[in-house]
Amino acid sequence: MKVADRWFASESIGDGITRIWEPHVARLFQCNIWHVRGRDSDLLVDAGMGISSLHEAIAELVDKPVIAIATHTHMDHAGSLHEFTQRLVHPIEASQLQHPDEFPVLCSNHWPGNMRALIEEQGYDVPDVLIDAYPYEGFDPEAFRTPACTATQVVDEGQMIDLGDRVFEVLHLPGHSPGSIGLWEKGSGTLFSGDAVYDGPLLDTLPDADITAYVRTMQRLQSLPVNVVHAGHDPSFGRQRLLELVRAYLAYRS
């Protein structure tokens with residue numbers, strides 16, 4: 001397998017927001033990592049797989065303290081959280097940060113139980129190895145494990161994350177996972193949704209998912225006055241597409 005010239009890619013999408021992703025990771029686990037520039041602090045929403053240093057990759061974007069938050073603790077969202085001084089997560093999933101999966105997460109033939117089959121049943125192609133390049137010579141996908149870390153702060157429904165000139169409200173959006181959260185900026189109508197909703201097949205049958213909770217989350221999102229959704233995967237979208245996704249899910253699961 002080739003060695004990647006650069007592990008991360010990025011693009012500015014305006015409004016002080018940069019999208020960062022890992023192009024050599026399979027689509028299913030190619031998490032959107034969002035950097036939001038603030039006056040006093042910057043916000044980092046999700047942290048990718050942890051295969052290569054995210055802290056080093058965003059160094060040119062950062063000139064102030066970074067508040068790093070995991071919308072949930074699945075392997076593709078919390079991998080590099082340990083690299084940051086301020087590490088936030090919902091209290092339900094704080095223990096998972098400390099004790100991540102012990103199996104080779106990059107090698108689907110080593111996943112436990114029927115995890116791969118459940119994901120494939122929901123419309124995804126799951127390759128045997130989730131990367132198409134190495135971050136450096138000698139990297140061993142079978143030896144890689146999600147790095148463990150301890151949250152420096154737990155955040156729950158209604159708490160505010162203040163960047164000085166921007167404030168985001170924490171929304172508890174369970175369903176995909178018990179402690180899934182979103183970040184809502186009321187003034188701009190901006191929602192960072194994590195995996196609560198994105199423009200692709202939604203995973204709601206994994207071992208820690210809850211379809212009943214997911215339905216309630218979708219009903220809540222339907223009434224939120226959103227202008228733009230920056231999701232955990234796939235492209236950002238506006239309110240009309242959000243309503244289409246929500247209605248399709250509710251029709252399927254209600």
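The following legends describe several views of a predicted model of one protein chain.

View 1. The C-alpha trace spans about 50 × 45 × 30 Å along its principal axes. Of the contacts between residues at least 6 apart in sequence, 62% join residues at least 24 apart.

**View 2. The surface of the protein chain carries an accessible area of about 10700 Å².** Carbon and sulfur atoms account for 48% of this area. Of the 254 residues, 55% count as buried. The chain has 18 positive and 36 negative side chains. The centres of these two sets lie 7 Å apart.

**View 3. The largest nonpolar core of the protein chain has 66 residues.** Within this core, the residues with the most contacts are Ile51, Leu54, Leu106, Ile119 and Met218. At least two residues of the core come from each of the following elements: strand S5 (66-69), helix H2 (94-98), helix H3 (115-121), helix H4 (211-223), strand S12 (228-231) and helix H5 (239-253). Helix H5 gives the most to this core, with five residues.

**View 4. Ile51 is shown with the residues that it touches, including Trp7 and Phe144.** Residues up to four places away in sequence are not counted here. On that basis, Ile51 touches Trp7, Glu22, Val25, Leu106, Ile131, Pro135, Phe139 and Phe144. Two residues of this view, Ile51 and Leu106, are among those with the most contacts inside the largest nonpolar core.

**View 5. A second, separate core has 16 residues.** Among its members are Ile69, Val170, Ile181 and Phe192.

**View 6. Ile13 is located in strand S1 (residues 9-14).** Ile13 and Glu102 are 89 residues apart along the chain, and their C-alpha atoms are separated by 36 Å.

Key
Residues are numbered from 1 along each chain as its sequence is written. This is a predicted model: local features need pLDDT of at least 70, side-chain atom pairs count only at pLDDT 80 or more; totals for chains, interfaces and linings use all residues. Side-chain values use heavy atoms; hydrogens and water are left out. Buried means under 20% relative accessible area, exposed over 50%, partly exposed in between (1.4 Å probe, protein chains only). Contact means heavy atoms within 4.5 Å. Accessible areas come from the Shrake-Rupley method with a 1.4 Å probe; for residues, only the protein chains shown count as cover. Lys and Arg count as positive and Asp and Glu as negative; His and the chain ends are not counted. The place of a charge is taken as NZ of Lys, CZ of Arg, CG of Asp or CD of Glu. Helices (H or I, at least four residues) and strands (E, at least two) are DSSP runs, numbered from the N terminus. A nonpolar core is a set of buried Ala, Val, Leu, Ile, Met, Phe, Trp, Tyr and Cys residues joined through side-chain atoms within 4.5 Å.
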